[in-house]
Amino acid sequence: MVDWQIDLIKVIFIWVWALLIAVVMTWVERRASAMMQDRLGPNRAGPFGLLQPLADGIKLFTKEDIIPEKARKILFVLGPPLFALPAFSAYAVVPFGDKIVLGGKEIILQVSDVNIGFLYVLALGAIGVYGMVIGGWASNSKYSILGGLRATAQLISYEVPMGLALLTIVLLYGTFSLREMVLLQQGTFLGFLPNWGIFKQPLGFIIFLVAAYAEANRVPFDLPECESELVTGYHTEYGSMRLGLYLFGEYVNLGTLAAITVCLFFGGWSLPYVDMSKFLGPVSYGIASFMVFFLKQAFFLFLFVWVRWTVPRFRYDQLMGLGWKALIPLGLVNLFVTALLVQLTI
Amino acid sequence: MDLYFIVFAIMAVGAGLFTITAKDALPSALGLLTVFIALSALYLHLHAPLIAIFQVSIYAGAILVLVVFVIMLLITPDEELETSQKNMSYRILGAFLGAYLIALLAIGTKGVKDLIHQQTLPDGFGHPGMIGSLFFKEYLLHFEVASVLLLVALVAAIYLAKKNI
């Protein structure tokens with residue numbers, strides 16, 4: 001196979017994978033929430049209700065597409081794709097496995113290993129907010145505009161602690177490439193712990209996780225949606241597949257954030273203590289590394305659901321207070337201490 | 001001239017013109033967003049991926065979000081932007097400054113012809129590590145001056161926000 005064909009296959013694979021995760025997540029969310037609330041949840045369509053996402057999709061596609069009369073038409077149409085596209089694009093730099101050898105050719109399981117990989121993810125995460133803002137502005141509804149306003153303020157506030165937490169990771173590994181970061185996390189730390197980022201940066205991990213929940217607009221930080229006050233915030237006026245794109249983009253976002261968490265703090269595709277490449281063939285090793293990565297990612301995806309149905313929503317001033325008064329000072333202290341430790345140990 | 005440059009240059013200039021002529025506040029901000037993205041594509045073309053990604057993550061991802069926040073907070077979609085000053089002297093001053101800027105740019109482009117030629121890039125050009133070492137070795141003074149400038153802005157902002165320090 002020629003190089004561009006391999007690249008094309010990787011792009012298609014990652015696209016389908018991102019979509020599939022988003023689809024399955026809608027089912028997991030509903031079933032898991034039902035489980036936690038002692039209900040059954042959707043169980044009619046297919047075994048365990050597994051075909052429910054398909055039914056939802058058909059419903060969203062066949063519904064009438066309503067654009068409010070006084071909405072800004074162009075912006076209204078532009079909003080959902082602008083929200084969903086950055087979410088998809090972020091997957092391009094995620095290393096979803098080590099490498100696989102097919103026909104004597106070594107293929108790296110990552111669409112593009114750029115040396116600024118993780119800055120790219122950060123940048124795209126920030127761009128996604130414009131989709132919400134445009135939706136809120138164009139809808140000609142007070143709920144929507146408040147939702148959009150909250151989204152911007154929340155993004156700015158939580159971008160800073162997230163950046164600080166990620167800076168400590170860069171200090172630790174000395175690289176921006178997600179692939180190199182994963183490779184640096186193999187082996188053991190202090191003799192018995194896996195050499196994962198979380199054991200070296202526990203505080204950084206907590207800050208990152210909280211900021212990630214805020215960036216993805218998940219409960220307890222889903223203030224831009226906030227059903228109890230704003231109906232559904234920035235996408236109140238949306239219906240049919242436009243709404244579907246917003247919801248979908250959110251789940252794709254979750255997938256990206258879970259993948260980044262795994263890459264930065266949980267050793268990516270590598271198993272602790274065991275070097276899989278030693279006793280697995282080149283092809284099966286590639287598949288196994290992807291499976292390991294996927295299992296770790298699945299855990300963090302489930303954590304998103306778990307937290308959503310356990311923790312109540314913050315009030316808006318509490319959200320801002322947590323961001324500016326707790327996470328940013330903590331992040332600064334963490335950065336300072338890490339810089340000092342790195343300097344002393346080198 | 002290569003097509004890549006022309007496409008994004010036209011996109012940047014067009015979006016820039018839209019930004020200053022749009023009457024609606026938010027579309028105007030989105031025009032600025034397009035300018036930033038087109039510029040970052042041009043940086044990528046110049047083998048400077050780090051600058052390109054900073055252009056997006058800092059200007060589009062942080063500063064412009066702040067601008068959009070202010071727009072959302074203060075302006076409703078029904079309002080149109082109008083010049084608060086219908087003062088003639090301001091307009092003449094603006095026209096004069098604009099003409100001066102264009103003249104400066106025109107003088108600047110005279111030297112460009114000498115710069116445009118194929119050049120082999122040094123090893124690791126545009127790599128984050130390389131830029132970092134340039135900052136902390138060759139251009140340390142410039143770097144520090146810029147950070148002092150930012151510090152001054154920070155102090156001023158705190159002073160403005162808190163009257164009784």
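The centres of domain 1 and domain 2 of chain B, taken over C-alpha atoms, sit 24 Å apart in this predicted model. Domain 1 of chain B covers 1-79 and domain 2 covers 127-165, with bounds that come from an automatic or database domain assignment. Residues are numbered from 1 along each chain as its sequence is written, while chains are lettered from A and ligands numbered from 1 in the order in which they are written. As this is a predicted model, local features need pLDDT of at least 70, side-chain atom pairs count only at pLDDT 80 or more, and totals for chains, interfaces and linings use all residues.

Chain B is built from 7 helices and 0 strands, giving the pattern α-α-α-α-α-α-α along the sequence. Helices here are DSSP runs of H or I with at least four residues, strands are runs of E with at least two, and both are numbered from the N terminus. Of the 165 residues in chain B, 17% are buried. A buried residue has 20 or more other C-beta atoms within 10 Å of its own, an exposed one has 12 or fewer, and anything in between is partly exposed, with C-beta atoms placed from the backbone. Take the contacts in chain B between residues at least 6 apart in sequence, and 52% of them join residues at least 24 apart; two residues are in contact if their C-beta atoms, placed from the backbone, lie within 7 Å.

How far can the model be trusted? The overall scores are ipTM 0.78 and pTM 0.82. Residue by residue, the predictor's confidence is given as pLDDT, from 0 to 100. Chain B has a mean pLDDT of 82, with 87% of its residues at 70 or more. In chain A the lowest mean, 70, belongs to strand S2 (residues 105-108), and the highest, 87, to H9(A). Where pLDDT is low, the predicted coordinates should not be read in detail.

Turning to where the chains meet, the contact draws 24 residues from chain A and 19 residues from chain B. On the chain B side, helix H2 (25-45) and helix H3 (49-74) are the elements that give two or more residues. H3(B) supplies the largest share, at 14 residues. That side of chain B has 16 nonpolar, 3 polar and no charged residues. For these classes, Ala, Val, Leu, Ile, Met, Phe, Trp, Tyr, Cys and Pro count as nonpolar, Asp, Glu, Lys and Arg as charged, and the others, Gly among them, as polar.

A:Ala123 gives a close-up of the meeting of the chains. Leaving aside neighbours within four places in sequence, A:Ala123 is in contact with B:Ile53, B:Val56, B:Ser57 and B:Gly61. A:Ala123 is buried, with 24 other C-beta atoms within 10 Å, and its place is in helix H4 of chain A.

Elsewhere in chain A, the axes of H1(A) and helix H11 (residues 240-265) come within 8 Å and cross at roughly 110 degrees. The axes are lines fitted to C-alpha atoms, for helices over the stretch in contact, and angles run from 0 to 180 degrees between N-to-C directions. H1(A) and H11(A) are therefore roughly perpendicular, the term for angles of 65 to 115 degrees, as against under 35 for roughly parallel, over 145 for roughly antiparallel and oblique for the rest. Among the residues that meet are A:Ala18 and A:Met25 in H1(A), and A:Phe248 and A:Val252 in H11(A). The contact of H1(A) with H11(A) has 8 nonpolar, 2 polar and no charged residues.

A:Phe248 and A:Val252 also touch A:Ala84, as do A:Leu245 and A:Gly249. A:Ala84 lies in helix H3 (residues 73-89) of chain A and is buried, with 23 other C-beta atoms within 10 Å. A:Ala84 and A:Gly249 are 165 residues apart in sequence, yet 4.2 Å apart in space, C-alpha to C-alpha.
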